[in-house]
Amino acid sequence: MNDKNLFLLESYDYFLPEERIAQCPAEKRQNSRLLFLERKSGKYTDYTFENIVNLIPKNALIIANNSKVIPARIQGHRQSGSKIEMLFLEPAPLIDKKAQKNGENCLARTEVLLKGAKRVKMGETLQFPEMDITVLERRDFGRHIVDAAYKNSLIPLLKKYGELPLPPYIKREHGVQENDIARYQTVYAKENHIGSIAAPTAGLHFTPEIQQKLQAKGCRWEEVTLHVGYGTFSPVREDDIRSHAMHSEYVEIPAQTAAAINKAKAENRPVIAVGTTSTRSLEGMAQAFLQAKSEPSAIFFCNEESDLQENTPFPAHGCFGYTNIFIYPGKPFHIVNGLITNFHLPKSSLIMLVAAFAGYDNIMQAYRHAVESEYRFFSYGDAMFIL
């Protein structure tokens, strides 16, 4: 393809029959299908996910996102009694962190998605379980800026009253099912890292047995935390994708993970990212660390000030901050050598990321094969391993 066309939004469209969008998870996590794509040759091969153990190099460092999905959708009503539904678009831990506190009373300004809000007036207060929401500003696509008033912490409140926020393309008559509670979480999601409103779906295929087999063959498993926001479902709307404004997401890279990455890169061992969120965490924070060495960055924080002097990809004591990195063809990868990912929406920033990693023509050809071979697409769909 002509290079200039790589920046056109239409270049990332593809035909996908509606029946190829997975509405439920595979019967068993490891039984999902896996398309193995070799970057250099463009060759692809069909497997099942349990074969990932044989495909990942034995000396690889595997990095996964351990953020846990929080039930961030909650039902409430207007003072008139009419029903209204709200989805928090910002991770609950970050809302708690910035809230103004007066004893046990908390007040936090945040962005939410309101369903049934056409007649809601600015300044109106909506009632939700143990929480009042005052609407301040209406934005596009149902988004609103609100003040949320609640007690102590939003996290236990959402756990008590909230609903799992399945993606909008999962359309079922009865909505969230009991099976979703377990299956829309990775097996390694950490309770102390709860906050995502969407699952890091590439990790949904892993089982403890697969993790154990990978470690037994010599692979090392480490984790980062990126709280996945609603922006992951936001389509790119600019005809020239370079004009797209990427959403920001909060990232934590602990010291143990940072040290493992630095060691792997020094020894020229492959770093395999589980999912686009892990990829954005690694590439975004490595880029921020590089910038912070020459100019202070307000969104990047080393755990130790002395780490800014490190001549390594990551600060030795770990780091945290926000990344809004947008990776599309032409953008370099400094950390990631292999990527495990699901099949992404047409015209999304995620298909642009995998096209940047694997090569545009390779990806579009592999996606055509996946459609023709009846792979399952999106969050509950099948996987791809790119190496």
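# Pockets, cavities and cores

Biologist: The second largest pocket has 21 lining residues, with Arg-73, Glu-85, Lys-115, Leu-166 and Pro-168 nearest its centre. What makes a space a pocket, and what makes it a cavity?

Modeller: The grid is 1 Å, over the protein atoms alone; a pocket is an open set of points with protein on both sides within 12 Å along at least five of seven lines, whereas in a cavity a 1.4 Å probe fits but cannot get out. A residue counts as lining if it has an atom within 4 Å of a point. β6 (83-88) and β8 are the elements that give two or more residues to the lining of this second largest pocket.

Biologist: What do the numbers rest on?

Modeller: This is a predicted model, where local features need pLDDT of at least 70 and side-chain atom pairs count only at pLDDT 80 or more, while totals for chains, interfaces and linings use all residues. Residues are numbered from 1 along each chain as its sequence is written, and side-chain values use heavy atoms, with hydrogens and water left out.

Biologist: How much space lies in the second largest pocket, and how do its lining residues divide?

Modeller: The space is about 510 Å³, a volume being what is filled by probe spheres set on the points, which are joined across faces, edges and corners. Its lining divides into 14 nonpolar, one polar and six charged residues. Here Ala, Val, Leu, Ile, Met, Phe, Trp, Tyr, Cys and Pro count as nonpolar, Asp, Glu, Lys and Arg as charged, and the others, Gly among them, as polar.

Biologist: What lines the largest pocket?

Modeller: This pocket, of about 760 Å³, is lined by 28 residues, and those nearest its centre are Arg-143, Tyr-230, Gly-231, Ser-234 and His-247. Two or more residues each come from β8 (105-115) and β14 (249-253). By class, the lining has twelve nonpolar, nine polar and seven charged residues.

Biologist: How many cavities are there, and what lines the largest?

Modeller: The count is four cavities of 30 Å³ or more. The largest has a volume of about 230 Å³ and 20 lining residues, with Ala-199, Thr-201, Thr-232, His-344 and Leu-350 nearest its centre. α7 (276-294) and β18 (338-342) are the elements giving two or more residues to this lining. The division is eleven nonpolar, nine polar and no charged residues. The second largest cavity, of about 60 Å³, has a lining of four nonpolar, four polar and two charged residues; among them are Arg-29, Arg-183, His-205 and Tyr-380.

Biologist: Why is Glu-249 called buried, and what does its side chain pair with?

Modeller: Buried means under 20% relative accessible area, exposed over 50%, and partly exposed in between, with a 1.4 Å probe and protein chains only. Glu-249 is at 5%, so it counts as buried. This residue of strand β14 makes a side-chain polar contact of 2.3 Å with Arg-280. A polar contact is a pair of N or O atoms within 3.5 Å; within protein, one must be able to donate a hydrogen and the other to accept it, and residues adjacent in sequence count only if both atoms are side-chain atoms.

Biologist: What class does Asp-240 fall into?

Modeller: Asp-240 has a relative accessible area of 27%, so it is partly exposed. It lies in the loop between β13 (220-226) and β14, and its side chain has a polar contact of 2.8 Å with that of Arg-242.

Biologist: Why is α8 described as largely enclosed?

Modeller: Ten of its ten residues are buried, so the rest of the structure largely encloses α8. Helices (H or I, at least four residues) and strands (E, at least two) are DSSP runs, numbered from the N terminus. The cover over α8 includes β1 (33-37), α7, β18, α9 (360-372) and β19 (383-386). Just after α8, Gly-359 has a positive phi of about 100 degrees.

Biologist: What makes a set of residues a nonpolar core, and which residues have the most contacts inside the largest one?

Modeller: Such a core is a set of buried Ala, Val, Leu, Ile, Met, Phe, Trp, Tyr and Cys residues joined through side-chain atoms within 4.5 Å. The largest has 75 residues, and Leu-282, Phe-314, Ile-363 and Phe-377 have the most contacts inside it. Helix α8 (residues 349-358) gives the largest share of this core, eight residues. Apart from this core lies another, of 32 residues, including Val-112 and Ile-194.

Notes. Contact means heavy atoms within 4.5 Å.
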